[in-house]
Amino acid sequence: MARKSTVLLLTPGLLLTGAVFLSPFVFLGLTSFWTQRPNSLLIDPAFTLVNYVRIATDSFFLGTLFRTILLGIVTVAICLLLGLPIARWIARRAVRTRGILVVLMVTPMVSGALVQTLGLVNLLSLLGVINGLLKQLGLIDWSIRFLGNEGGVLIGLVQAFLPLMVLPLITTLAKLPEDLEAAARSLGAPAWRVWVTIILPLAMPGILAGSILVFFASVTSFVTPQILGQGKVQTFGTVMYQQSALVNDWPFASALAMAMMLVLGVLLLAVRAVRRGLERRPVIGSAS
Amino acid sequence: MKYGLNGIASLGLCAVMAATSLTPVLAQDFTGQTLVVGVWGGDIERLLRENVIGPLEAETGAKVELLLGGTGDRVAKIYAEKDNPTMDIAFLNIFEAPQALADGVVVAPDPELQIFKDIWPDMNNGCYAMSLAALGIVYNKDAFATPPEWAALWAPELKGKIALPAFPGSEANGILAIAGRLAGADEHDADASFAKLAELKPIPLTYSNLDELLSLVDIGEVAAAPVISGYAIAGMKNYENIGFAFPTDPGPVLTRDMLCLVANSPSPELALLFAEKALGVVNQTAYANELYFGPTNSNVKLDPEISAMLIDSPEEVSTLTQLDWPFLIENRSAWTDRWNAEILVD
């Protein structure tokens with residue numbers, strides 16, 4: 001009886017998920033095995049692997065995939081570097097104002113990627129605030145190109161996804177017993193050693209969670225690389241847009257999306273294996 | 001008496017006829033129907049609302065819903081909905097319209113209709129020709145003493161200061177074809193075209209926002225860029241240091257907005273009424289005076305001052321560079337990859 005009621009309770013949600021997520025996903029997968037008819041924008045629904053062969057054999061798409069993953073990894077590294085001190089400070093020092101600080105961290109995310117990115121355009125573009133200021137101060141005659149390159153896109157990705165790193169880190173670091181650090185320091189461990197041997201290993205669950213969130217958000221992002229890359233930085237997201245909205249080759253764009261999901265799935269499995277490996281390690285401060 | 005009754009009847013009939021002739025002509029009552037039109041936003045939307053949608057809604061009782069966006073959105077929608085379209089009219093580009101007709105997603109222009117006859121001959125390729133423009137050069141007046149020819153963009157001192165549009169599109173395909181011609185070939189020789197265009201690298205900006213581009217040209221951060229005439233002439237009024245040139249060797253590339261009636265659309269009669277007003281003298285005159293898009297309707301009479309700034313006659317069209325759009329469409333996907341790899345990468 002209990003099982004029947006559970007099924008009944010789950011049914012609306014499952015139906016909705018099937019309708020709005022699974023069925024488009026199945027159609028996406030199906031479309032990726034179709035192709036465009038020659039000299040036409042119409043789709044030929046005959047099964048073919050031609051789109052996948054094109055992705056696997058064209059160095060441009062493989063290069064774009066590599067660049068997208070590299071951008072994701074660098075974004076994770078920068079977010080980690082910036083996020084750890086911020087999270088630790090919020091977790092340890094800002095006990096009373098933690099709630100407010102967390103809200104401040106999350107607020108930009110609520111406004112959406114577009115608004116944040118356009119804000120960065122105002123700041124970093126050739127006619128932006130920073131270039132204007134540098135010109136006013138007489139430090140430059142011609143604007144510095146902050147946008148239209150990987151550096152500009154990285155700034156945008158870090159700005160957009162830093163909260164995804166900080167939030168799980170705060171949760172993890174807030175749970176760490178302060179005694180462990182105090183004990184290490186009392187035994188003469190310098191600050192860097194406390195970080196390397198105590199804080200980082202114990203914060204690993206938060207680091208992994210934040211890294212996964214930031215990495216997947218970065219490699220699948222479209223708005224930030226499209227706007228801050230100014231058409232010059234190609235990522236898998238921008239190439240998918242180009243193929244679907246500009247070239248109108250929906251089957252190939254679908255194949256690109258499926259290829260990206262395949263790569264992300266493999267990466268997710270690899271991360272899972274790493275996580276399991278970490279869980280098997282003896283933990284500092286445990287009874288063993 | 002008999003004569004008197006006939007007279008009264010005749011008078012009554014005359015009175016009814018006179019009364020009905022004074023009321024606005026209701027072509028047909030479309031109350032409750034909604035016409036869906038896919039078109040660009042901004043000034044084009046504004047002029048269509050003023051000159052077409054307002055009067056059409058008043059006369060027919062119908063509602064007009066605009067789906068604003070780029071042509072890519074509209075092409076995707078009319079192809080995806082081929083068997084059950086929800087859009088009645090789609091505004092497309094010169095190169096998309098013939099392809100859409102060949103694929104059966106739009107209705108062929110009807111030579112028997114007055115709107116077809118009013119448009120200059122040989123312009124209704126695939127759909128009804130809505131407006132004329134040409135790809136010319138927006139330039140910084142300090143960088144060029146006189147309006148430049150295409151070849152001037154390749155001057156060594158301007159390397160890295162020529163902005164380009166996004167590919168694919170009529171602007172990007174246009175400048176690629178011009179590069180091919182300057183290399184002694186044409187758009188059919190992709191290798192020559194890409195090699196010549198790549199000489200402009202590094203590209204400082206792939207523009208998608210005209211205001212941003214014009215601001216950069218105005219202060220000299222960008223020396224020049226290929227831009228479609230109507231947008232450029234309308235936009236440059238706000239800047240002091242910008243000029244616009246129609247080059248002559250080769251001539252500017254012909255571009256054209258097309259009004260397409262979607263095949264099997266829900267409201268074909270209403271769509272035709274919309275097309276009559278959009279292609280009519282009032283709207284096309286407003287397009288010319290405010291947007292600097294040349295009229296295709298041969299009945300439009302423009303002030304000589306405005307006319308001088310536009311492409312507005314078959315004679316002028318014959319001086320423009322016309323591209324083999326079906327060939328460009330056929331190669332669009334492969335050339336997009338080449339553009340990404342050979343033009344965008346510094």
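Mentor: Helices here are DSSP runs of H or I with at least four residues, numbered from the N terminus. The model is predicted.

Trainee: Between which two helices of chain A does Asn248(A) lie?
Mentor: Asn248(A) is not a glycine, yet its phi is positive, at about 60°. Most residues other than glycine have a negative phi. The residue sits in a loop of chain A, and the helices on either side of that loop are H12 (236-246) and H13 (250-280).

Trainee: How many residues does chain B bring to the contact with chain A?
Mentor: Contact requires heavy atoms within 4.5 Å. On that basis chain A gives 26 residues, and the number from chain B is 29.

Trainee: Which three residues supply more than any others of the area that chain B buries against chain A?
Mentor: The two chains bury about 2,500 Å² between them, with 53% of it on carbon and sulfur atoms. Of the area that chain B buries, 21% comes from three residues, namely Glu221(B), Asp337(B) and Asn340(B).

Trainee: Which residue of chain A forms a salt bridge with Asp337(B)?
Mentor: The interface of chain B and chain A holds two salt bridges. For the one that involves Asp337(B), the closest N and O atoms are 2.6 Å apart, inside the 4 Å cut-off. The partner of Asp337(B) is Arg54(A).

Trainee: Which helix gives the largest share of the side of chain B that touches chain A?
Mentor: Between chain B and chain A there are 13 residue pairs in polar contact, both residues at pLDDT 80 or more. Helices H3 (71-80), H8 (210-219) and H15 (332-344) of chain B each supply at least two residues of the side that touches chain A. The largest share is seven residues, and they come from H15(B).

Trainee: How is chain B divided into domains, and how many salt bridges are counted between domain 1 and domain 2?
Mentor: Domain 1 of chain B covers 34-131 + 256-312, and domain 2 covers 133-254 + 323-344. Taken over C-alpha atoms, their centres are 27 Å apart. One residue pair is in polar contact across their interface, with both residues at pLDDT 80 or more. The count of salt bridges between these domains is zero.

Trainee: What percentage of the area that domain 1 of chain B buries against domain 2 comes from Phe95(B), Tyr292(B) and Ile311(B)?
Mentor: The two domains bury about 1,400 Å² between them, 70% of it on carbon and sulfur atoms. On the side of domain 1, Phe95(B), Tyr292(B) and Ile311(B) supply more than any other three residues, and their part is 43%.

Trainee: How many residues apart are Cys127(B) and Cys260(B) in the chain?
Mentor: The sulfur atoms of Cys127(B) and Cys260(B) are 2.1 Å apart and form a disulfide. The link is right-handed, with 100° about the S-S bond. Cys127(B) lies in the loop between helix H5 (114-118) and strand E4 (128-140), and Cys260(B) in strand E9 (residues 253-261), so the pair links distant parts of the chain, with a separation in residues of 133.

Trainee: Where is Pro250(B) placed?
Mentor: The peptide bond from Asp249(B) to Pro250(B) is also cis, with omega near -5°. Pro250(B) belongs to the chain B loop between strand E8 (242-245) and E9.

Definitions and conventions. Residues numbered from 1 in each chain as written. Chains lettered and ligands numbered in written order. Predicted model: local features only at pLDDT ≥ 70, side-chain atom pairs only at ≥ 80, totals over all residues. Heavy atoms only, no water. Domains from an automatic or database assignment. Buried area = accessible area lost by both parts, 1.4 Å probe. Salt bridge = Lys/Arg side-chain N within 4 Å of Asp/Glu carboxyl O. Polar contact = N/O pair within 3.5 Å; in protein donor to acceptor, adjacent residues only side chain to side chain. Disulfide = S-S within 2.5 Å.
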